[in-house]
Amino acid sequence: MAYIIAITNQKGGVGKTTTSCALISGLTARGKKVLGIDLDPQGNLGFSLGIEIDDCPTVYDIFKNRLDLTEVIQHTEFGDIIPSNILLSGAELEFNRSGREFLLKNLISNIENDYDYIIVDTPPALNILTVNAYVVANALIIPMIPEILSLLGVSQIKETIDTVKKFYNQNLQVMGILLTKYNSRLNLAKEVNEMAENIANQLYTHVFDTKIRTGVSVAEAPAHGESIITYSPKSKPSFDYNSFLDELLKKIESNS
Ligand SMILES: Nc1ncnc2c1ncn2[C@@H]1O[C@H](COP(=O)(O)OP(=O)(O)O)[C@@H](O)[C@H]1O
Ligand SMILES: [Mg+2]
């Protein structure tokens, strides 16, 4: 059965999509069978991996029962992808029936056995889409950027996690906080590390040993339809994402 990881933080611009792409393509490169699911109406995950998202079947079509899963999954060299686009933005209003927390759970129950890993990219929000991701996930990874302001606001995500654990998915665990766009030379590094540890404690988790350093090629990769790992394999962020994959796999394998 697939191990399902949701990449989440209600703040935008913290590296959720970059991390999702790196995990999808990195795990695929390591011989794992991987499915990436985009739950962000901005559609960045599919776009970043080279999919034409404007006019293609998306996760929304499956939620609406208009298309079958097999019609929506795109097979790419980086892994299988269920893309999203702006049509998903009405989800909060549109999916208002009871059971709406289980839209994603229902749809992947048929294919869970086909994959080793499922990576879910989420919107910069704590809404019904986020809850759908938490309901299916075994684990959450929370990317954060090392800026004081960006580290504030942990109580909201904690509340969402606690609610999902209580009502829908008691096995959900926060695997860790991943510091991205990291620059160890900053004077603030020590304070930021302490603050991140503090947040991790509040979420009963830890900060991953691996930090993802900043690199200009990260911004270029999506335009080429590739993750940073294949676009610029020798760059610092690519090196770091590979170390992160080592750390992650070790952790998952030692738990199972
Ligand atoms: N390690 C990094 N180094 C440099 N730029 C980065 C890094 N990680 C992310 N970025 C840039 O930051 C912006 C936000 O990243 P993204 O992954 O889209 O965040 P989110 O999905 O959380 O909104 C993008 O422009 C991306 O290119
Ligand atoms: Mg994103």
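User: How many cavities of 30 Å³ or more does the structure hold?
Analyst: The structure holds 2 cavities of 30 Å³ or more. A cavity is a set of points, on a 1 Å grid over the protein atoms alone, where a 1.4 Å probe fits but cannot get out. A volume is the space filled by probe spheres set on the points, which are joined across faces, edges and corners. Please note that this is a predicted model, in which local features need pLDDT of at least 70 and side-chain atom pairs count only at pLDDT 80 or more, while totals for chains, interfaces and linings use all residues. Residues are numbered from 1 along each chain as its sequence is written, chains are lettered from A and ligands numbered from 1 in the order in which they are written, and side-chain values use heavy atoms, with hydrogens and water left out.

User: How much space lies in the largest cavity?
Analyst: The largest cavity holds about 70 Å³ of space. Among the residues that line the largest cavity are Asn9, Lys11, Met144 and Ile157; a lining residue has an atom within 4 Å of a point.

User: Which elements each supply at least two residues of that lining?
Analyst: They are strand E6 (139–144), helix H8 (148–151) and helix H9 (154–167). Helices (H or I, at least four residues) and strands (E, at least two) are DSSP runs, numbered from the N terminus.

User: And how do the lining residues of the largest cavity divide?
Analyst: There are 6 nonpolar, 4 polar and 1 charged. Ala, Val, Leu, Ile, Met, Phe, Trp, Tyr, Cys and Pro count as nonpolar, Asp, Glu, Lys and Arg as charged, and the others, Gly among them, as polar.

User: Now the largest pocket: what is its volume?
Analyst: The volume of the largest pocket is about 550 Å³. A pocket is an open set of points with protein on both sides within 12 Å along at least five of seven lines. The lining of this pocket comprises 29 residues, and the closest to the centre are Gly15, Lys16, Thr17, Thr18 and Val218.

User: Which element gives the most to the lining of the largest pocket?
Analyst: H1 gives the most, with 4 residues. The elements that give two or more residues are H1, helix H2 (44–48), helix H11 (217–220) and H13. By class, the lining of the largest pocket has 11 nonpolar, 13 polar and 5 charged residues.

User: Changing topic: how many salt bridges does a search of the whole structure find?
Analyst: The search finds 7 salt bridges. A salt bridge is a side-chain nitrogen of Lys or Arg within 4 Å of a carboxyl oxygen of Asp or Glu. One of them joins aspartate 246 to arginine 30, with the closest N and O atoms 2.7 Å apart. Aspartate 246 lies in helix H13 (residues 236–255) and arginine 30 in the loop between helix H1 (16–29) and strand E2 (34–38), so this pair ties together parts that are 216 residues apart in sequence.

User: Is arginine 30 buried, partly exposed or exposed?
Analyst: Arginine 30 is partly exposed, at 31% relative accessible area, and aspartate 246 is also partly exposed, at 44%. Buried means under 20% relative accessible area, exposed over 50%, and partly exposed in between (1.4 Å probe, protein chains only).

User: Which residue meets lysine 33 in a salt bridge?
Analyst: Lysine 33 meets aspartate 80, at 3.7 Å from N to O. Aspartate 80 is buried at 7%, whereas lysine 33 is partly exposed at 40%.

User: What about disulfides: how many does the structure hold?
Analyst: The structure holds 0 disulfides, a disulfide being a pair of cysteine sulfur atoms within 2.5 Å.

User: Last topic: how many aromatic pairs are found?
Analyst: The whole structure has 6 aromatic pairs. Rings of Phe, Tyr and Trp (its six-membered ring) pair if their centres lie within 6.5 Å; planes under 30 degrees apart count as stacked, over 60 as edge-to-face and the rest as tilted. Tyrosine 3 and tyrosine 117 form an edge-to-face pair, with 6.3 Å centre to centre and 70 degrees between the planes.
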